[in-house]
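Let's take a friendly walk through this model together. Please have the sequence and the 3D view open as you read.

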Amino acid sequence: MNEIQWKAGVPLGEYTQRWIDAFEEDARAMGLEPVEESPRATETANLQAMSDMILALKANGHTYESDGSTYFKISTLPEYGKLAHLDHEGIKVGARIDADTYAKDDARDFVLWKATKPGEPSWDMGCGHGRPGWHIECSAMSVEHLGEALDIHGGGQDLQFPHHENEVAQSEAATGVVPFAKYWMHNGLLRLGEEKMSKSLGNLVTIREALAKHTGDALRMLVLTSNYRSPLTYTEEALQGAERGVERLRDALKPGGAAEGGAINGAGCRDQFIAAMDDDFNT
């Protein structure tokens, strides 16, 4: 990899590590359990997995090259669009499509490996000098660390198309294993007022800002009080209500509380809980 100094004045790895550390610190403050694997797209083994998947797609007739970049040709996969319930003719170039400046045979096709551009990091793992496309990273690392077929795959609703659709296409076309994931869970987006909370809109409330006023348990309770597929509106009033809900649970677990008295500790409660969670993750 080229040692490129970015605008921040430090190498890419050092810059990204700051945000990885910040994310992990926020996760601990929220009381979240650490994950078993945290693969990085720039690790040599993962880059090789991406290259190997692209070469498998090439061998299976699903790719073409243009100006040094490699693309997935969606016309070779009749089932493309099945996750988002789209047909080929219904797929249009828009804000969520990879409508970059690279030359394509079809505007709907997406890039697997991007040719080197000045000032960008690049690797050569068998697909020529360049860097991986956004979609191939997730497919290759999922297969590398979890196997060719996943039980559950999740993410935000805004990732269903094109990102997850492209993951399905790449993975199934490369491995021949169908389906790539047995169950898909797409969560609703966090809102502030009437708009989606996002950096681009400038209406973010960071976890650290929220934790300065509320407990991590309250933030988690707020999420659990809505269906995961529904949008969730962030308000101070809602968080105060979540704090009260957490306190009720804590009171029930205290000596002499409802849990000790048996009111919420019946023999069938575990079965009821499991049934609710199996019913579309009904928290």
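What follows looks at a helix and then at aromatic rings.

This is a predicted model, so local features need pLDDT of at least 70 and side-chain atom pairs count only at pLDDT 80 or more, while totals for chains, interfaces and linings use all residues. Residues are numbered from 1 along each chain as its sequence is written, and side-chain values use heavy atoms, with hydrogens and water left out.

Start at His163, which sits in helix H4 (residues 160-175); helices are DSSP runs of H or I with at least four residues, strands are E runs of at least two, and both are numbered from the N terminus. His163 counts as buried because its relative accessibility is 3% (buried is under 20% relative accessible area, exposed over 50%, partly exposed in between, with a 1.4 Å probe and protein chains only). Beyond its neighbours within four places in sequence, His163 is in contact with Trp134, His135 and Cys138, contact meaning heavy atoms within 4.5 Å.

Now turn to the aromatic rings. The structure holds four aromatic pairs; rings of Phe, Tyr and Trp (its six-membered ring) pair if their centres lie within 6.5 Å, and planes under 30 degrees apart count as stacked, over 60 as edge-to-face and the rest as tilted. One of them is the stacked pair of Phe72 and Phe110, at 5.1 Å centre to centre with 10° between the planes. Phe72 belongs to strand S2 (residues 69-72) and Phe110 to strand S3 (residues 110-115), 38 residues apart. Both Phe72 and Phe110 are buried.
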